[in-house]
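Here is a short briefing for a first look at the structure. Keep the sequence and the 3D view side by side.

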Amino acid sequence: MNDFHWTQLFNPEFYITMEVGGIPIGIYVVLFIVFAETGLFAGFFLPGDSLLFLSGIYAEKLAAPLRFIPETYSDVTVVALAISLAAIIGNIFGYWFGATSGRGLYNRKDGLLFKKKYLYQSQEFFEKHGGKAIIFARFLPVVRTFVPIIAGIVHMPKSKFMLFNVLSSLLWSFILVFAGHYLYAFFNEEFGIDLKKHIETIILILIAITSFPLIMKAIKARRKTES
């Protein structure tokens with residue numbers, strides 16, 4: 001921590017490898033970030049998809065503090081399940097906030113982190129895709145933060161919300177965590193490439209992939225306004 005620089009806050013590896021007094025706490029930091037992204041609607045500026053992908057690469061290290069988990073479960077499965085649970089709970093908090101106080105966000109002024117345009121974009125996304133938006137949104141930065149809130153604002157039936165919530169959280173977590181885990185092993189065994197030495201490149205690629213749909217949507221919207 002002596003060499004800490006604020007730019008590390010945007011590096012998923014910083015959270016995953018975090019230690020306090022020599023004790024690894026990475027798994028707890030990862031779970032809090034996943035929860036905060038929707039549960040506190042303030043984590044959308046933190047690494048999301050890249051955090052899960054790297055969690056798969058560092059699955060053994062992350063699962064180490066969870067000594068209460070039976071050894072019959074693989075490290076990558078334990079990490080994916082834990083992240084799924086954090087995502088489910090985060091979405092529940094987001095839905096609850098939307099149902100109780102969400103409409104107040106439309107009157108809130110833009111700040112350093114909160115931008116009202118994100119709320120309107122998520123509302124448009126939800127209106128277009130309905131309940132399936134909860135699944136799609138899981139794989140889209142920013143949108144996944146606000147879609148559960150929108151679901152709460154429009155009072156989407158709780159049973160329907162929970163179905164999509166659980167399904168989306170499991171898909172998001174297992175796909176990205178297992179992708180990181182097995183791609184790391186594949187590149188290491190087949191090509192002798194250690195992906196841990198190319199973290200910055202991986203992050204940039206994941207950001208480009210997950211941001212592409214949002215960029216294309218923004219371009220289409222701009223063309224409509226100009227035409």
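How many residues does helix 6 have, and how far does helix 6 reach from its first C-alpha to its last? Helix 6 has 14 residues and reaches 20 Å, close to the 20 Å expected at 1.5 Å a residue. Note that this is a predicted model.

- Helix 6 covers residues 116-129.
- Its buried residues are Leu119, Ser122, Phe125 and Phe126.
- Seen down the axis of helix 6, these buried residues fall within an arc of 125°, so they line one face of the helix.
- An α-helix has 3.6 residues a turn, so residues three or four places apart point the same way.
- The face of helix 6 turned away from the buried side carries Glu127 and Lys128, both exposed.
- Just after helix 6 comes glycine 130, with a positive phi of about 65°.

**Phenylalanine 126**
- Phenylalanine 126 has 10% relative accessibility, so it counts as buried; the cut-off for buried is under 20%.
- Not counting residues up to four places away in sequence, phenylalanine 126 touches Ala133, Val147, Ile150, Ala151, Val154 and Met156.
- Phenylalanine 136 lies 10 residues from phenylalanine 126 in sequence. In space, the two are 9.6 Å apart, C-alpha to C-alpha.

**Helix 5 against helix 9**
- Helix 5 (residues 75-101) packs with helix 9 (residues 158-191) at an angle of about 145°.
- The axes of helix 5 and helix 9 are 8 Å apart, and their crossing is right-handed.
- The residues of this contact divide into 17 nonpolar, 8 polar and 1 charged.

Note on methods
Residues are numbered from 1 along each chain as its sequence is written. This is a predicted model: local features need pLDDT of at least 70, side-chain atom pairs count only at pLDDT 80 or more; totals for chains, interfaces and linings use all residues. Side-chain values use heavy atoms; hydrogens and water are left out. Axes are lines fitted to C-alpha atoms, for helices over the stretch in contact, and angles run from 0 to 180 degrees between N-to-C directions. Helices (H or I, at least four residues) and strands (E, at least two) are DSSP runs, numbered from the N terminus. A crossing is left-handed if the near helix is turned anticlockwise from the far one by less than a right angle, and right-handed if clockwise. Ala, Val, Leu, Ile, Met, Phe, Trp, Tyr, Cys and Pro count as nonpolar, Asp, Glu, Lys and Arg as charged, and the others, Gly among them, as polar. Buried means under 20% relative accessible area, exposed over 50%, partly exposed in between (1.4 Å probe, protein chains only). Contact means heavy atoms within 4.5 Å. The expected span of a helix is 1.5 Å times one less than its number of residues. The arc is that of the directions from the helix axis to the C-beta atoms.
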